[in-house]
Amino acid sequence: MSVYFIGDTRNINSSNYKTCKIEDVVRYCASKTVLGVDTETEGLDFLSKKLLMFQIGDQEHQFVIDTRVVSIEPLRDILQSTTICKILHNVKFDYKFIKQWAGITLENTWDTMVVDQVIYNGKLNYRYNLAALADRYLDVIVDKSIRNRFIDLKGQPFDDAEILYGAKDVEYLTLIKKHQDELILTHDLIEITGLENATALGLADVEFNGIKLDMSRWTEIADISDKEMHDYEDKLDQYILTDDNYAAFRKKYIQQDLFIDDSKLRKVDVKWSSPLQCLNVLKTDIPELEDVNGKNLYKYRSTNSLVNDYVKYKEIAKLATSYGQEFLKNVGKDGRVHTNFKQILTTGRIASSKPNMQQIPADNQFRRCFVADEDHVYVSADYSSQELCIIAVGSKDPVWLKALELGEDLHSICADLVYGNDWANKAEEGCKFVAAKQKCDCKEHKRLRTNVKTINFGLAYGMGPQKLSDTLQISTEEAESLIEKYFSVFPSIKKFLESLGNYGKKHGYIKTFAPYRRIRWFDEWFPGIDTRYDKKKELGTIERASKNTPIQGTGADMTKLALVLIRDYIRDNDLNVRVVMTVHDQIDTVCPKDFAEQWAENLRDLMEEAAKQILNTDLLKADPNITDKWEK
């Protein structure tokens with residue numbers, strides 16, 4: 001093993017490494033098919049913290065480049081090569097710094113962090129940082145304390161420990177990949193590993209591009225939300241002050257203030273933002289209540305006005321806190337929000353944090369604060385009934401397939417079949433369903449359609465009678481009867497879901513649809529488990545997850561494939577288009593106004609191509625939309 005340093009070598013006098021020129025690095029790397037790549041930076045924010053060190057190489061030779069004095073521009077063709085595989089750990093981080101400070105993108109990468117998340121998806125207590133992987137595969141303890149020495153490093157030269165630390169990371173990466181290759185073959189994860197590695201670059205682009213925020217408009221809405229939150233706190237206070245059942249929660253003593261009118265002093269001893277204090281209040285009416293989780297409170301909303309107003313307060317408070325003035329701290333110096341994606345949840349879906357853009361309220365008042373640059377527009381597209389299409393294809397149910405193929409309202413057709421005469425007898429003159437099998441707004445049809453729609457979508461989440469009962473505000477017996485009737489009408493869907501549930505319970509894992517077949521392990525499962533006695537509760541959880549994961553996970557695979565196809569198309573055609581966000585089955589881009597119509601067609605075609613590659617049918621359509629501001 002040889003370590004080479006490329007930088008200011010005037011004070012170099014070490015036997016731990018050699019020196020060479022950037023041209024030597026290029027010559028060596030151009031002859032390889034697999035290379036390790038790593039960076040060291042001043043900090044975490046790629047917009048304001050600089051790239052300090054760039055490392056590249058393999059097991060035999062590692063090159064450490066001081067990017068403060070040496071440009072890595074000569075390595076552009078290698079880094080952007082689609083034939084040379086570059087191994088990184090958490091590629092999104094390095095990608096953003098390399099693109100920001102060297103103007104170079106990456107192609108054909110292997111992310112050891114993401115790959116390990118693919119291999120061990122669902123396993124509990126697994127860590128995925130580089131130190132954990134080095135320990136897991138190489139039996140090496142990595143001292144990451146040296147990394148902290150790069151933070152806010154000024155002009156001083158790197159010392160031996162820092163140079164060797166950078167070189168070792170590259171060596172570890174190439175060794176770790178060899179171990180991962182074996183596990184990928186063992187578990188038949190080649191296709192999904194390829195998809196996730198390509199997706200990492202697509203998400204890196206989204207994080208890098210950011211999404212522009214109108215801060216003044218956001219501030220206006222945040223102030224309104226804050227006022228609404230305090231108004232609801234006052235409303236909740238009135239329950240305590242006017243109902244003697246809650247007298248225990250009134251303040252015994254009120255601290256007087258010479259400068260405040262006594263009538264404005266708060267007389268309630270409850271902090272409405274405290275779940276524990278609120279639980280004590282609500283237990284006055286509902287002694288059996290165990291927590292103030294929204295799902296547990298839902299069933300009481302129609303009969304208890306305090307519960308109903310408290311749930312509304314929580315919704316408004318979430319807006320005021322998560323998407324209030326504090327949110328503006330997430331705006332970068334470029335006026336854009338650069339979220340961080342967690343690429344793989346257990347189902348395969350993507351999560352977002354710092355800030356959470358996946359949870360931006362869907363009513364569009366907040367979304368419309370995100371704007372395009374001058375003479376640019378948003379071109380977005382999402383799948384039309386993605387999960388319903390996946391269920392239809394997986395179950396091969398003839399009614400679902402026909403309804404989706406003809407563009408009919410699936411929920412109304414299902415309600416017609418489930419309710420039979422009850423549905424037919426509710427028909428009014430001019431009813432759209434009777435005329436064209438489209439959604440009808442008749443009061444009774446709307447109610448019955450909502451009931452069946454809840455089941456249709458609930459199938460993707462493993463919904464049972466209790467959840468349906470709580471959601472529809474009906475008895476458990478009625479919910480059980482409705483589900484039983486539903487499955488008697490759609491036996492192929494019942495068989496499909498039961499086969500998924502049984503597979504997970506039998507094998508201890510479940511997979512998404514071909515060709516990607518993402519695996520999700522159930523860590524609580526063990527061979528020979530007896531459904532009658534052993535871990536019965538855990539098996540119920542496994543059964544629900546086994547029904548849910550292939551549906552949601554296949555949807556995630558599809559959206560990720562679409563993101564990859566879109567990125568490749570933009571690169572190959574050198575388009576002035578930026579992907580700025582993805583939320584579940586929606587992908588959002590920004591492009592010049594005069595190209596929007598053409599790009600909307602391209603975006604639709606690429607997303608539908610992704611769906612076709614997985615479902616082997618052109619049943620699932622994508623709906624493109626052109627707007628001045630970000631919308632759902």
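## A buried arginine and its partners

In this predicted model, Arg 567 has a relative accessible area of 9%, so the residue counts as buried. Asp 205 meets Arg 567 in a salt bridge, with 2.6 Å from N to O. This pair links distant parts of the chain, since Asp 205 sits in helix 7 (residues 190-209) and Arg 567 in helix 21, 362 residues apart. Asp 205 is buried as well, at a relative accessible area of 11%.

Arg 567 also forms a salt bridge with Glu 107, at 2.9 Å from N to O. Helix 21 (residues 536-572) holds Arg 567, while Glu 107 belongs to the loop between helix 3 (91-102) and strand 7 (109-111), so this bridge ties together parts that lie 460 residues apart in sequence. Why does Glu 107 count as buried? Its relative accessibility is 7%, and the cut-off for buried is under 20%.

## A bridge with partly exposed partners

Now for another pair: Glu 631 and Arg 368 form a salt bridge whose closest N and O atoms are 3.1 Å apart. Here, too, distant parts of the chain are linked: Glu 631 is in the segment after strand 17 (622-627), and Arg 368 is in the loop between strand 11 (351-353) and strand 12 (376-383), 263 residues away. Glu 631 is partly exposed, with a relative accessible area of 22%, and Arg 368 is partly exposed at 37%.

Returning to Arg 567, salt bridges with shared partners join this residue with Lys 99, Glu 107, Asp 205, Asp 568, Arg 571 and Asp 572 in one network. The structure holds 36 salt bridges.

Asp 169 lies in helix 6 (residues 160-186) and is buried, with 2% relative accessibility. Leaving aside residues up to four places away in sequence, Asp 169 touches Asp 38, Glu 40, Leu 130 and Lys 144.

## The whole chain

Stepping back, the protein has 22 helices and 17 strands, and 51% of its 632 residues count as buried. Along the principal axes, the C-alpha atoms fill a box of roughly 85 × 75 × 60 Å.

Among contacts between residues at least 6 apart in sequence, 66% join residues at least 24 apart. The protein exposes about 30,300 Å², with carbon and sulfur atoms supplying 48% of it. As for charge, there are 86 positive and 99 negative side chains, and the centres of these two sets lie 2 Å apart.

Definitions and conventions. Residues are numbered from 1 along each chain as its sequence is written. This is a predicted model: local features need pLDDT of at least 70, side-chain atom pairs count only at pLDDT 80 or more; totals for chains, interfaces and linings use all residues. Side-chain values use heavy atoms; hydrogens and water are left out. Helices (H or I, at least four residues) and strands (E, at least two) are DSSP runs, numbered from the N terminus. Buried means under 20% relative accessible area, exposed over 50%, partly exposed in between (1.4 Å probe, protein chains only). Contact means heavy atoms within 4.5 Å. Accessible areas come from the Shrake-Rupley method with a 1.4 Å probe; for residues, only the protein chains shown count as cover. Lys and Arg count as positive and Asp and Glu as negative; His and the chain ends are not counted. The place of a charge is taken as NZ of Lys, CZ of Arg, CG of Asp or CD of Glu. A salt bridge is a side-chain nitrogen of Lys or Arg within 4 Å of a carboxyl oxygen of Asp or Glu.
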